[in-house]
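Dear colleague,

I am handing over the structure below, and after it you will find a description of what was found in it. Please keep it open while you read.

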Number of protein chains: 2
Amino acid sequence: MSSAVDANVKLSRLLLLAHKFNNFYLNGFQKGDIRPFLVEGQQVGLIKSDVIKQLNKYPEVFCIRDCEYTKQGIVELNPAFRDYSERTEKLDKVLRELRSKGIFSALQGWREEYYEVKAEHNSLLKMDRSATPLFGVRKYGVDINGYVKHPTQGLCIWLQQRSNTKETWPGKWDNMVGGGLSVGYGIKETAIKEAAEEASIPSDLVKNLVSAGCVSFFFESEQGLFPNTEYVFDLELPLDFVPHNADGEVQAFELLPAKECIERVFTPDFKTTSCPVVIDFLIRHGIITPENEFWFTQIIELLHVPLQSLYTYKQRLDECKKQLQLQSQPSTDQQQSIDKLVTNNKIIENGHNKPATEAN
Amino acid sequence: MSSAVDANVKLSRLLLLAHKFNNFYLNGFQKGDIRPFLVEGQQVGLIKSDVIKQLNKYPEVFCIRDCEYTKQGIVELNPAFRDYSERTEKLDKVLRELRSKGIFSALQGWREEYYEVKAEHNSLLKMDRSATPLFGVRKYGVDINGYVKHPTQGLCIWLQQRSNTKETWPGKWDNMVGGGLSVGYGIKETAIKEAAEEASIPSDLVKNLVSAGCVSFFFESEQGLFPNTEYVFDLELPLDFVPHNADGEVQAFELLPAKECIERVFTPDFKTTSCPVVIDFLIRHGIITPENEFWFTQIIELLHVPLQSLYTYKQRLDECKKQLQLQSQPSTDQQQSIDKLVTNNKIIENGHNKPATEAN
């Protein structure tokens with residue numbers, strides 16, 4: 001029987017790891033206890049029910065309701081907030097209160113460092129970096145694979161060990177250089193800045209940086225949701241170069257032959273959310289191949305999960321409205337009346353409503 | 001208004017091209033006129049309604065019905081067929097008849113060359129290569145990016161122009177070397193074989209072949225569905241090497257600087273289903289970057305669409321059965337009775353039924 005054969009095909013360690021850093025993509029969605037988070041009608045996040053329960057206590061900031069068109073449950077930042085700074089300020093106040101109550105472990109890592117929340121490159125507000133996992137906001141970072149072509153050991157990779165004092169993943173092994181995108185810095189610019197701060201890579205070496213794509217995955221931990229995209233860069237280094245840390249965020253660097261690097265990635269000492277970058281590097285450089293990895297195509301798909309198509313509430317809403325319009329074909333005036341009617345009758349779950357001037 | 005900003009963000013030529021070779025992934029699914037194609041309980045394809053209409057005339061070969069558990073419409077190859085050769089023979093007979101009737105243009109390109117239809121590396125039957133688009137069977141191929149590091153022109157890429165006599169995409173520009181996986185050949189082995197046949201690459205050069213991952217996309221044309229995965233290899237070639245064809249399938253080779261290569265890919269003279277391999281190469285080698293391509297992350301996701309999770313009818317069925325079992329918690333004997341009962345009462349759309357011995 002074919003099913004017996006399937007059961008005998010053992011999942012490889014690499015596939016299991018790809019499942020681990022995509023635990024939310026593969027399991028969380030099915031459970032269905034998440035809602036889109038909307039700011040100015042655009043979906044910027046996904047929020048789980050445990051977080052919604054707390055946000056429900058702030059009806060002046062969050063509107064938690066079912067969409068009148070898509071019938072889907074949504075969480076909306078009060079659309080009456082006028083601009084970027086008002087949205088930022090109102091959200092920040094709630095987050096600081098939640099932090100002081102000690103409800104979410106994510107907020108115990110408060111950074112006093114803001115993350116820009118955007119919809120298609122358009123900044124809508126900023127929130128403390130520690131809070132993004134609660135709202136399932138997509139995070140973007142850069143990573144540099146520092147490597148050496150060793151005459152006897154072949155392809156070798158530089159890894160860093162994170163400082164024990166770091167807020168996240170202290171003491172874990174990680175890519176040679178990595179960091180989140182910050183306000184005002186470009187992608188390559190961030191990579192160059194981090195290369196100098198984390199590994200003291202001089203400018204005559206960093207000029208060899210090669211952009212090599214990105215990885216995307218959707219991880220969940222006790223801290224919340226991590227729908228992450230990492231822009232990856234490769235940097236070939238001379239045999240005699242040794243990185244050393246300049247900002248106190250790294251406690252060690254180690255050069256490992258590719259095969260040993262794979263083994264390191266499988267240990268619990270490696271930062272889970274940095275594994276995709278290493279695996280992608282080893283695939284692009286012919287170390288992990290379809291001949292030595294049975295689940296090659298599955299793993300590559302799990303290094304590029306479609307995050308950009310999971311935040312499409314606005315498109316679904318537009319589609320619903322279009323369908324409704326096609327069915328009834330009313331004049332523009334009639335459609336506006338329908339819009340108004342539906343808006344006024346919408347199901348309000350936490351007593352919050354749009355002001356009348358915004359509803360039309 | 002943010003929506004006005006969105007509308008102003010013009011889709012780039014690259015993103016439009018990624019939409020083009022994923023036209024079925026992005027649009028076809030929503031229309032919902034497709035059904036899983038099952039062989040031995042495993043999903044091996046997706047069939048559109050125009051094809052189902054024809055298969056419906058062969059109730060002794062295809063069972064077209066709604067699944068009793070998932071409630072989804074399915075097309076099943078008669079489960080009474082005993083083995084690989086009987087399944088192959090019965091399907092082949094239908095395909096030859098459909099071909100003689102001239103109903104499907106895909107079958108006008110009949111190859112007398114078989115393609116292995118597998119479920120998780122397990123061969124279930126073989127069908128003529130020309131027929132796979134009608135059944136939405138996933139196809140796997142290999143592609144070699146032949147490139148040169150030119151002292152003045154930088155990264156240059158060898159392209160081939162397909163012979164005007166080829167059955168598919170005659171006269172179109174294509175990757176230097178490419179071909180479908182054939183029965184009995186491994187992935188790298190196929191790449192080496194094709195490199196010799198298509199471009200006369202000698203063994204001392206082909207030994208530098210580097211496995212670099214795969215691309216996956218879901219294209220639809222008048223011929224049918226193309227859920228394709230291409231294993232990609234990079235091959236750096238010496239400046240003075242010029243490929244020449246040995247099997248009559250190529251009419252020209254041309255070496256193009258990377259920038260000109262991008263322009264060629266945008267022309268209608270380039271084989272649509274080969275574009276993903278070129279784009280992936282240009283991304284991995286730092287030519288297309290997040291700085292020069294606004295839709296960088298979207299494009300990379302569209303080079304790796306989750307084909308491996310679109311053919312999961314069996315997993316959904318198992319999940320449904322598990323849910324049903326959890327709800328009722330009957331003993332094993334009772335469950336077998338339920339299975340039998342449900343099977344006997346299933347909705348038959350074309351009068352075909354499983355023989356009683358197979359149903360239990």
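I begin with Lys71(A), which is exposed, with a relative accessible area of 62% (buried means under 20% relative accessible area, exposed over 50%, and partly exposed in between, with a 1.4 Å probe and protein chains only). Lys71(A) is in the loop between strand 3 (62-66) and strand 4 (73-77) of chain A, where helices (H or I, at least four residues) and strands (E, at least two) are DSSP runs numbered from the N terminus. Although Lys71(A) is not a glycine, its phi is positive, at about 65°. For background, most residues other than glycine have a negative phi. In chain B, Lys71(B) likewise has a positive phi of about 65° without being a glycine; it sits in the loop between strand 3 (62-66) and strand 4 (73-77) of chain B, and at 63% relative accessibility it counts as exposed.

Before going further, please note that this is a predicted model, in which local features need pLDDT of at least 70 and side-chain atom pairs count only at pLDDT 80 or more, while totals for chains, interfaces and linings use all residues. Residues are numbered from 1 along each chain as its sequence is written, chains are lettered from A and ligands numbered from 1 in the order in which they are written, and side-chain values use heavy atoms, with hydrogens and water left out.

On chain A as a whole, there are 14 helices and 13 strands, and 55% of the 360 residues count as buried. Taking contact to mean heavy atoms within 4.5 Å, residues 24 or more positions apart account for 67% of the contacts in chain A that have a separation of 6 or more.

Helix 9 of chain A (residues 258-266) shows how burial is arranged around one element, with Ala258(A), Cys261(A), Ile262(A), Arg264(A) and Val265(A) buried. These residues cover an arc of only 160° around the axis, which puts them on the same side of helix 9 of chain A; the arc is that of the directions from the helix axis to the C-beta atoms. Among the elements of chain A that cover these buried residues are helix 2 (13-20), strand 8 (154-162), strand 9 (173-175), strand 13 (250-257) and helix 10 (275-284).

The next topic is salt bridges, each being a side-chain nitrogen of Lys or Arg within 4 Å of a carboxyl oxygen of Asp or Glu. The structure holds 45 of them over all chains. In one, the side chains of Lys166(A) and Glu249(A) meet at 2.9 Å, N to O. Lys166(A) lies in the loop between strand 8 and strand 9 of chain A and Glu249(A) in the loop between strand 12 and strand 13 of chain A, so the pair ties together parts that are 83 residues apart in sequence. Glu249(A) is partly exposed, at 32% relative accessibility.

In chain B, Arg162(B) and Asp174(B) form a salt bridge through their side chains (2.8 Å, N to O). Because Arg162(B) lies in strand 8 (residues 154-162) of chain B and Asp174(B) in strand 9 (residues 173-175) of chain B, the pair ties together parts that are 12 residues apart in sequence. Both Arg162(B) and Asp174(B) are buried. A network of salt bridges also links Arg65(A), Glu68(A) and Glu76(A).

Another arginine, Arg35(B), is found in strand 1 (residues 34-39) of chain B and is buried, with a relative accessible area of 17%. Its side chain reaches the backbone oxygen of Ile74(B) at 3.4 Å.

Finally, how much area do chain A and chain B bury between them? The figure is about 3500 Å², 57% of it on carbon and sulfur atoms, where buried area is the accessible area (1.4 Å probe) that two parts lose on being put together, summed over both. Strand 11 of chain A gives the most to the side of chain A that touches chain B, with six residues. That side divides into 18 nonpolar, 17 polar and eight charged residues, with Ala, Val, Leu, Ile, Met, Phe, Trp, Tyr, Cys and Pro counted as nonpolar, Asp, Glu, Lys and Arg as charged, and the others, Gly among them, as polar. The contact takes 43 residues from chain A and 43 residues from chain B, and the count of salt bridges between the two chains is zero.

With best regards

Methods:
Polar contact = N/O pair within 3.5 Å; in protein donor to acceptor, adjacent residues only side chain to side chain.
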